[in-house]
Every structure is written in C-alpha cells, then in structure tokens.
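Hi,

Here is the structure I promised to pass on. Have a look at it first, and my notes follow below.

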Amino acid sequence: MLTPQKTEDSSISLLAEVSRTVTIENDIGKVLRLVLFIMSEHMNMLRGMITILNRDSGEIVINESFGLSEEEKERGRYRIGEGIIGQVVKTGKPVLVPNIDEEPLFLDRTRSRRKARKDDLCFICIPIKSGTEIIGTLSADRHIEPHLPDDPAKRVQAEEQRLDTMQPYVDLLSIIASMISQAVKLTQLAHEENASNGSDRSHLSGSHTARISHTEEKPEEEQDEAERPTNIIGNTKPMLGLFRMIDKIAKTNATTLILGESGVGKELVASAIHFKSRREEKPFIKFNCAALPESIVESELFGHEKGAFTGASVMRQGRFELAHAGTLFLDEIGELSLQIQAKLLRILQEKEFERVGGSKTIKTDVRIIAATNRNLENLIRDGMFREDLYYRLNIFPITVPPLRERKTDILLLADYFVEKYNRINQKGIRRISTTSIDMLMRYHWPGNVRELENCIERAVILSEDNVIHGYHLPPSLQTAESSGTPYTGSLQQKLDSIENEMIIEALKRTKGNMSRAASQLGLSDRIMGLRVKKFNIDYH
C-alpha cells in the first residue's frame, strides 16, 4: 500500500507530465490520448474516457478513450441527464461511485465491464468546464482491493472507506480536467462543425487532428497578418510561435499563465489575448500583485464593505467585480501571500467570493490571465506558493522569449521606439549610426525590451544632429565588459575607432562630399584626405 508521501509524490509527477504534454504537444487529439495514457500509468486506471457534449444535438459522445475497443467506444452515447455521465454534464458536479455493481445510474452502455467483477470497480466522473459552461466529462474506472464483504453492515462500512480512499483521486482528476479544458473546447467546436456539415462521427478525430495540424504546420513566412497582435513587434521564429499560441488561446476562456523574464512584455501578451477574444468588448483590468502591501492587496482584489476597517468610509468594488464578464490580468502572481492565494484558488474553482468585511457571496465571470518572472515550481518547494493554485493557473502556460533570443527584432524595436520618442519629445531623429547598431546587437539585454526602450529614449533626447551615435547610448552598452566583449586595445586604438566613426557619419550626412564633411568636423581638406586614407574609408 502506498504511503501518503508516495501518493503525494505520484500526484505531483502525474500533474507535471500532464502539464508538459498539454504545453508541448501540438496535435490536440494526441494530447487527449496521451493524458489518458499518463493517467493509466499513475492511477492504476483500467479504463478512461473523455466525452464531449454536442450543444446542437444535446448528445454526449466518447471522443478519446483508454481500455475501450472502437466498437465499445462507438456505443458510448448519452443524453444530458442520462446515466452518471449525463448527470455530471447536467449538474456540473463530480460523481464518485464506490461500487458500480450497486449503482442504478451506472449504465455500462459501452458493455466493457461485463466480464469484470463489478464490486471490485469504482467509477469517477468529473465535469470538464470552459468558464462556467460544461463541455464534457473526464472519467476513470479503478480496480480496488479488497473485495467488498457479503455482510451488509460490513459492506456499507467498506464502501465508506472506499469513498475516503478515492477522494484524493477526485481532486486530482478535477485539476487534470481544468488542464485539458482548452483542448476539449477546440475538439467540441470541430465536432459541432463536422456534425453541421453532415460529416460521419467516425471521422471526427482524424478530421479535427488534420485541421489543427494544418494550422500548426503552416510556414511561418505565410502566417496570416490577422493572426499577429497589433501591439507586439517581432518577426523572429520564437515570436511567430508566440503569436500562434496567442491566437489559439484567445478563442477560449482558459486560464492562462504567462512566463518570462522581467521586461519581455508579458502585459502586452495578456492584452493581445484579451482583445483577440470574445471578451474584447468587456473590461480588461490590470493589477500588479507586488505593488501594494498584503493588507491592501486583499481589498483591492475583492473589494470591501463600508466600515470593514479603519478608513473604509464607503463600499468599494474590487478588481474581480470591475472585471466581470471580462479579463483580469494579475501581474507578478508569485508575490501573493498564501492567504490571498487560497482566496484566489476559490474563485478559480467556484467563481465566487466575498468582499472584505462582508458576508454576501458574489458570483463572478472573469477570465484570469496571470504572469510571473519567478520560478513557481521552486516557490512551491520552498512553501511560498500553493501547488493546487499552480496547477489551476498552469492550464495553458505561455513563455515570452527574452530579447537576446530574438536579436533580429532589436532593430525593428529600436526604430519603433525612435519614432515614438520623436513624437513625444518633438525631435527629428532620422537614423541610428552603424556603430550604435553594432553596440545594440552585441549587448545581452538583461532588462529585455524595457531596457531597450529606456536606452532609445535616452539617446533620442541626447542627440543634437538627428542621428543616434554610440556615445548617446547608456554607459552599460559602452562598457565592453557589460556586453561580454571586453576591449583589449590601447588608448590610441580606441581614439582611432571613435575618429573613424565620426568621419563615416559625416560622409553619410554629406552624401560623400568630403569637403563638406571636413568643414562639419573642423578639419582641412588635406587632413580629411589623410584620415580617409588612413582608415581606408570608401566614401563614393
């Protein structure tokens, strides 16, 4: 028998594998099949099913299964309210059957359990939700030891013990159902589309997989411009992958966790998801969890009643009420205290909360997008972040690449920021010098896009000749050690490098007119000619 510690370790391993599968695998049908296989490996599961509700016909069918033949799978059709599966779809509540042999609602419509000793089998069925809508179920058969005794009194006691033993698996399947809800939602939409077009059900999985795979495998250079968020700049491979992820997740109500270093633009990704979603006309509320003390964070998120604490002279709505029917972006989620995390978990699970100092339960329909630059798994190990909240948030993680992994986007971003700060500061910067470009491209950008923006803003303000030169950039870029390219030459070599840059820039400004360039630099034509020859500059 497994000890509690081994059971906990197994649960963590199971959830980690499911999370990795949902994140990495592009084929939606394969995701669901792999999840059932992983469950069978970790849970001693004999059979598992993912059913999907067709909202047009009201029929619930088995989409993916483990331990069922194709014939058995085809027989698994239910109406809303019919049998255990139909009841779960109707009520939205999980059902645990300790003994399927004595449960009248257990129909065994697939006829897959006729040869089994049924009092050895328990059945767990969990609703799969997209927001507040029930879109299907996740269910599993588990073999339980020992056999139920024949004595009625002892039998009842044994069934109660089974319920206690199986409750952790109900919680585990509830988390997994949340993690796969986005994949199930996409499959439901494909199912209904095929049904409306008169397609045969037997082709559902293949046609859906092909449609999803076609979208995934479309060459990056042919990606529809409509798929690209208008508020994010980037043409590199990591960014094109990010755009596809945004486009995919935006169409659902799935909770999203945005990961990435500080300054990469996680808030812009959250904004793109909201404004490409069905909630785009509804509020988009942003809240930085690290910006305020814990005592104020609770009131800001959940609101407070009049008189709840000193200074609470009026009732105030919190961010969850303000974001009703829209999206709430929680930045720096890793900074929340454990107490606030517990309340956030309840909202994710039950869609309800109370204001500070109040007793009235408030229902809310809010899509949550969270972001962090911290390693939440490390925080879990350190006891600073709730594991159950992590798996609720980690249904659809998106990682924003750092600027050093998208070097060719640096010039696009720099040009954008030059135009932006030209307008703000009423400047007329026309270009960035070659030396400045080299410095921008060599630097490793620990502060990512935010650091680049600050750097360009400074350079625009300092420039007096409408060109950004190397000496306009911050000291961190000019210091060779900070960019990982230490300068080992002599002082004279450094001075020659600066002189060479200034002459090249002057020749560019005068379109190769050496006399005018010499005049701008305060040199005679003879000295200018000697310098051009010394540095082997082609000015024609």
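A quick definition to start: two strands pair if DSSP finds at least two bridges between them. Strands (E, at least two residues) and helices (H or I, at least four) are DSSP runs numbered from the N terminus. This is a predicted model, where local features need pLDDT of at least 70, side-chain atom pairs count only at pLDDT 80 or more, and totals for chains, interfaces and linings use all residues. Residues are numbered from 1 along each chain as its sequence is written, and side-chain values use heavy atoms, with hydrogens and water left out.

On to strand S5 (residues 121-130). Strand S4 (residues 95-97) pairs with S5 in the antiparallel sense over three bridges, and Leu96 has Ile124 in S5 as its bridge partner. Two residues sit between the strands of the S5 and S6 hairpin, where Gly131 takes a positive phi near 70°.

Now the rings. The whole structure holds nine aromatic pairs (Phe, Tyr or Trp six-membered ring centres within 6.5 Å; planes under 30 degrees apart are stacked, over 60 edge-to-face, the rest tilted). Phe275 and Phe284 have centres 5.9 Å apart and planes at 65°, so they are edge-to-face. Phe275 is partly exposed at 44%, while Phe284 is buried at 16%.

Cheers

Methods
Buried means under 20% relative accessible area, exposed over 50%, partly exposed in between (1.4 Å probe, protein chains only).
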